[in-house]
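Visitor: I have a structure on my screen and would like someone to walk me through it. Could we take it in short questions and answers?

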Amino acid sequence: FRRVLFRSVWFGHLAKGTNRSGISYYDGSQFASVFLGSSQLKTNEIKVDNLNNKWISSSEGFIQLYPDNVSTEYFTTVTSLISSNNISSSVIDQNGIIWIATFGGGLNKFKVDNLK
């Protein structure tokens with residue numbers, strides 16, 4: 001018998017009717033939801049780094065959800081140097097740099113301390 005460590009499964013959902021959009025996760029035993037930004041926020045992608053931060057590419061900016069799944073930091077054209085709030089996806093390279101692809105704003109290089 002081999003024990004397998006279960007990692008949470010994260011997914012975004014769109015607003016429908018009176019239900020707002022958000023992200024949800026399944027931790028192996030139960031579902032939970034987190035609501036970010038406006039009720040119409042569209043989640044395009046969710047990445048989880050080695051420190052269990054969730055990086056959310058959304059229609060309202062790039063969002064960092066900390067490991068407690070409550071605390072957040074929003075990176076937008078107003079609060080950072082990213083070129084567009086409409087983030088399509090991201091990738092974290094071996095140096096801990098996050099490359100952010102946007103709709104209409106090109107590619108952004110985003111360096112985060114202590115990400116590796």
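Guide: Happy to; we will go from the whole chain to single residues.

Visitor: What kind of model is this?
Guide: Residues are numbered from 1 along each chain as its sequence is written, and side-chain values use heavy atoms, with hydrogens and water left out. Local features need pLDDT of at least 70, side-chain atom pairs count only at pLDDT 80 or more, totals for chains, interfaces and linings use all residues, and the model is predicted.

Visitor: How many helices and strands are in the protein chain?
Guide: Helices (H or I, at least four residues) and strands (E, at least two) are DSSP runs, numbered from the N terminus. Read from the N terminus on, the elements run β-β-β-β-β-β-β-β-β-β. The count for the protein chain is 0 helices and 10 strands.

Visitor: What is the radius of gyration of the protein chain?
Guide: The radius is taken over C-alpha atoms, and the globule rule is 2.2 Å times the number of residues to the power 0.38. Along its principal axes the C-alpha trace spans about 50 × 40 × 20 Å. For 116 residues the globule rule gives 13 Å, and the chain comes close to that, so it is as compact as a globular protein of that length, with a radius of gyration of 15 Å.

Visitor: What share of the residues in the protein chain is buried?
Guide: Buried means under 20% relative accessible area, exposed over 50%, and partly exposed in between (1.4 Å probe, protein chains only). Of the 116 residues in the protein chain, the buried ones make up 34%.

Visitor: How many salt bridges does the structure hold, and which residues form a salt bridge?
Guide: Side chains of opposite charge can pair when their charged atoms come close. A salt bridge here is a side-chain nitrogen of Lys or Arg within 4 Å of a carboxyl oxygen of Asp or Glu. The structure holds 1 salt bridge. Its closest N and O atoms are 3.1 Å apart, and the partners are K47 and E45.

Visitor: Is K47 buried or partly exposed?
Guide: K47 has a relative accessible area of 25%. That value lies between the 20% and 50% limits, so K47 is partly exposed.

Visitor: Which residues does S90 contact, leaving aside its neighbours within four places in sequence?
Guide: S90 lies in strand 8 (residues 87–92), and at a relative accessible area of 5% S90 is buried. Contact means heavy atoms within 4.5 Å. Leaving aside those neighbours, the partners of S90 are E45, K47, S57, F62, I98, W99 and I100.

Visitor: How far apart are the C-alpha atoms of A101 and S90?
Guide: A101 is part of strand 9 (residues 97–102), and its 24% relative accessibility makes A101 partly exposed. Apart from residues up to four places away, A101 touches I87, S88, S89, G106 and L107. A101 and S90 are 11 residues apart along the chain, and their C-alpha atoms are separated by 5.9 Å.

Visitor: Where is Y25 found, and what is the separation between the C-alpha atoms of Y25 and G12?
Guide: Y25 belongs to strand 2 (residues 22–26) and is buried, with a relative accessible area of 14%. Beyond four places in sequence, contacts of Y25 include W10, F31, V34 and N69. G12 is 13 residues away along the chain, and the C-alpha separation is 8.7 Å.

Visitor: What is the phi of N69?
Guide: Most residues other than glycine have a negative phi, and most peptide bonds are trans. N69 sits in the loop between strand 6 (61–65) and strand 7 (72–75), where its 16% relative accessibility counts as buried. Not counting residues up to four places away, N69 touches W10, Y25, V34 and K54. N69 is not a glycine, yet its phi is positive, about 60 degrees.

Visitor: What about N52: what is its phi?
Guide: N52 is in the loop between strand 4 (43–48) and strand 5 (54–58). With 37% relative accessibility, N52 counts as partly exposed. Although N52 is not a glycine, its phi is positive, about 70 degrees.
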